[in-house]
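Here is a short briefing to read alongside the structure.

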Amino acid sequence: MNKREKLIQTAFELFYKHGIHAVGINQILKESGIAKKTLYSYFESKEQLVCEVVSYRDKIFINWLKTRLDGVKKGLPAIEVFFDALDDWFNSRVDVLMDFRGCFFINACAEFSNHEVNQRCLAHKEKVSHLIEQHVRQLNISKDNVATVTEVLCFLKEGAISQAYVLGDLEAAQKAKKIALKIIALS
């Protein structure tokens, strides 16, 4: 791992544990063992580092999710695995995602407004929605219902994330899965 990657990884771990604004550059430098001059040779500002951290988390999360979904048949089996994957994440059984502390993208958006950080977070959410939609299209439902079912599944995902983190409901993904299956059956 080069120094740039080390800075991004260290910053992500600290931001995810403590919040972006709660972590200063000096803390990132101390944890990474990298000099300030080196950090600023890669990133003009903390905001630029934050943008790269969001992209880093996006890449890790999307790769993990695609791997989980690629391992099963498209359509309903993949949608079921999607919620099972969330269950593993909520219960901190996914090393590559670190211990569950809510959605990094929601957390990042809460700390920034009208910023490139928000745009990158939105792009992440759109990628996840697109992954879900690919599997919804394989369901035995009318084409008119694909967008609606996809949107409902995304709402269930976001709600499950909030329930798991805010309320500590570590069964939220399985509860959302049951609701999703009922909605799909009715569509």
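Predicted model: local features only at pLDDT ≥ 70, side-chain atom pairs only at ≥ 80, totals over all residues.

The largest nonpolar core counts 64 residues.

**The largest pocket**

- To find this pocket, look for its lining residues: Met 1, Arg 4, Glu 5, Ile 8, Gln 9, Glu 52, Ser 55, Tyr 56 and Lys 59.
- Two helices, α1 (3–18) and α4 (46–70), are the elements that give two or more residues to this lining.
- Sorted by class, the pocket lining has four charged, three nonpolar and two polar residues.

**Glu 52, a lining residue with a polar partner**

- Glu 52, which is among the residues lining the largest pocket, sits in helix α4.
- The side chains of Glu 52 and Arg 120 are joined by a polar contact of 3.4 Å.
- Leaving aside residues up to four places away in sequence, Glu 52 touches Arg 4, Ile 8, Phe 43 and Arg 120.
- Of these partners, Arg 4 and Ile 8 are also in the lining of the largest pocket.

**The largest cavity**

- This cavity has a volume of about 70 Å³.
- Its lining is made up of Arg 57, Phe 61, Trp 89, Cys 103, Phe 104, Phe 105, His 124, Lys 125, Val 128, Lys 157 and Ile 161.
- At least two lining residues come from each of α4, α6 (104–111), α7 (116–136) and α8 (143–166), and α7 gives the largest share, with three residues.
- The lining of the largest cavity divides into seven nonpolar, three charged and one polar residue.

**The second largest cavity**

- Here the volume is about 50 Å³.
- Around this cavity you will find Leu 69, Ala 78, Ile 79, Phe 82, Phe 83, Leu 131, Ile 132, His 135 and Leu 153.
- The elements giving two or more residues to this lining are α5 (76–90) and α7, with the largest share, four residues, coming from α5.
- Eight residues of the lining are nonpolar and one is polar, while no charged residue takes part.

**The nonpolar core and Trp 89**

- Within the largest nonpolar core, Trp 89 and Phe 90 are the residues with the most contacts.
- Helices α1, α2 (25–32), α4, α5, α6, α7, α8 and α9 (172–186) each supply at least two residues of this core, and α4 provides the largest share, 11 residues.
- Trp 89 touches Tyr 16, Arg 57, Phe 61, Trp 64, Val 94, Leu 97, Phe 100, Gly 102, Cys 103 and Ile 161, with residues up to four places away in sequence not counted.

**Two positive phi angles in one loop**

- Ser 92 lies in the loop between α5 and α6, and its phi is near 55°, a positive value in a residue other than glycine.
- Ser 92 counts as partly exposed because its relative accessibility is 31%, which falls between the cut-offs of 20% for buried and 50% for exposed.
- Met 98 is found in the loop between α5 and α6 too, and although Met 98 is not a glycine, its phi is positive at about 70°.

Conventions. Residues numbered from 1 in each chain as written. Heavy atoms only, no water. 1 Å grid on protein atoms, 1.4 Å probe; cavity = no way out; pocket = protein on both sides within 12 Å on 5 of 7 lines; lining within 4 Å. Nonpolar A, V, L, I, M, F, W, Y, C, P; charged D, E, K, R; others polar. Points joined across faces, edges and corners; volume = space filled by probe spheres on them. Core = buried A, V, L, I, M, F, W, Y, C linked by side-chain atoms within 4.5 Å. Buried < 20%, exposed > 50% of the residue type's maximum accessible area, 1.4 Å probe, protein only. Contact = heavy atoms within 4.5 Å. Polar contact = N/O pair within 3.5 Å; in protein donor to acceptor, adjacent residues only side chain to side chain.
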